[in-house]
Amino acid sequence: GKNLFLTWNKVKGAKSYVVYQYNYKTKKYYQVAIRKGNGCNYYNISNVKNNTYYNYVIRASKSSNGKSQFITKQSYPVSSLSLNSKAGNVSDIKINSKNITGKVGKKIQLKAKISNNKNQKLYNKSLRWYSTNKNVVAVDNHTGKITLKKKGSAKIWVKAHNGRNSLSIRVVVK
């Protein structure tokens, strides 16, 4: 429709969240909102334009000595394309592996395929990779290449540009 709706996980100790929107003309983020109080981990963007790209980041903050200070780095960018476009957003992700077991030092290239359920061309094909335990399994955020670092287990997550579609792989290091 005419709205985009952003949500994010609450950050422990945060009293507010600052929402920034990317301006494609100036190539900079600018502040569009500060969300304060209980249940402040969402933002509704109204009156979006058809066939327009939107890109946002969020930062959590708290008050200290009467001053607001950030307690997180900015989030990874989340982007979306409004309706009535020839291109579309990611609606599905598939990963080449479900579970991985290996020895310390092994390197593995993970691969993911993304698609759109309307068979539209994807406007943004970027993926981000995360490890739940970087000490056990490190991952290159852009390429998905993992390195098994020490005994233990972790999950590797892959997320689409819109932040909505994601999958995880369990990795056990022996």
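**Close-up views of a predicted model**

**View 1. Ser 61 sits in strand S5.** The model is predicted. Strand S5 covers residues 53-64. Ser 61 is buried, because its relative accessible area is 1% and the cut-off for buried is under 20%. Its side chain makes a polar contact of 2.6 Å with the side chain of Ser 16.

**View 2. Ala 138 lies in strand S15.** The strand spans residues 137-139. Is Ala 138 buried, exposed or partly exposed? Ala 138 counts as partly exposed, because its relative accessibility is 22%, and that class runs between 20% and 50%. Setting aside neighbours within four places in sequence, Ala 138 is in contact with Lys 145, Ile 146, Thr 147 and Lys 149. Tyr 22 is 116 residues away from Ala 138 in sequence. In space, the two are 29 Å apart, C-alpha to C-alpha.

**View 3. Four strands form an open sheet with mixed pairing.** The order is S10-S18-S17-S14. Strands S10 (99-102) and S14 (127-131) stand at the edges. Each has a single partner strand, so one side of each is left without a neighbour in the sheet. Neighbouring strands of this sheet are turned by 20 degrees against each other on average, direction ignored.

**View 4. Strands S17 and S18 pair in the antiparallel sense.** Strand S17 holds residues 152-160, and strand S18 holds residues 166-173. Eight bridges join them. Ala 154 has Val 171 in S18 as its bridge partner.

Key:
Residues numbered from 1 in each chain as written. Predicted model: local features only at pLDDT ≥ 70, side-chain atom pairs only at ≥ 80, totals over all residues. Heavy atoms only, no water. Helix = DSSP H or I, 4+ residues; strand = E, 2+ residues; numbered from the N terminus. Buried < 20%, exposed > 50% of the residue type's maximum accessible area, 1.4 Å probe, protein only. Contact = heavy atoms within 4.5 Å. Polar contact = N/O pair within 3.5 Å; in protein donor to acceptor, adjacent residues only side chain to side chain. Pairing = 2+ DSSP bridges. Axes fitted to C-alpha atoms, helices over the stretch in contact; angles between N-to-C directions.
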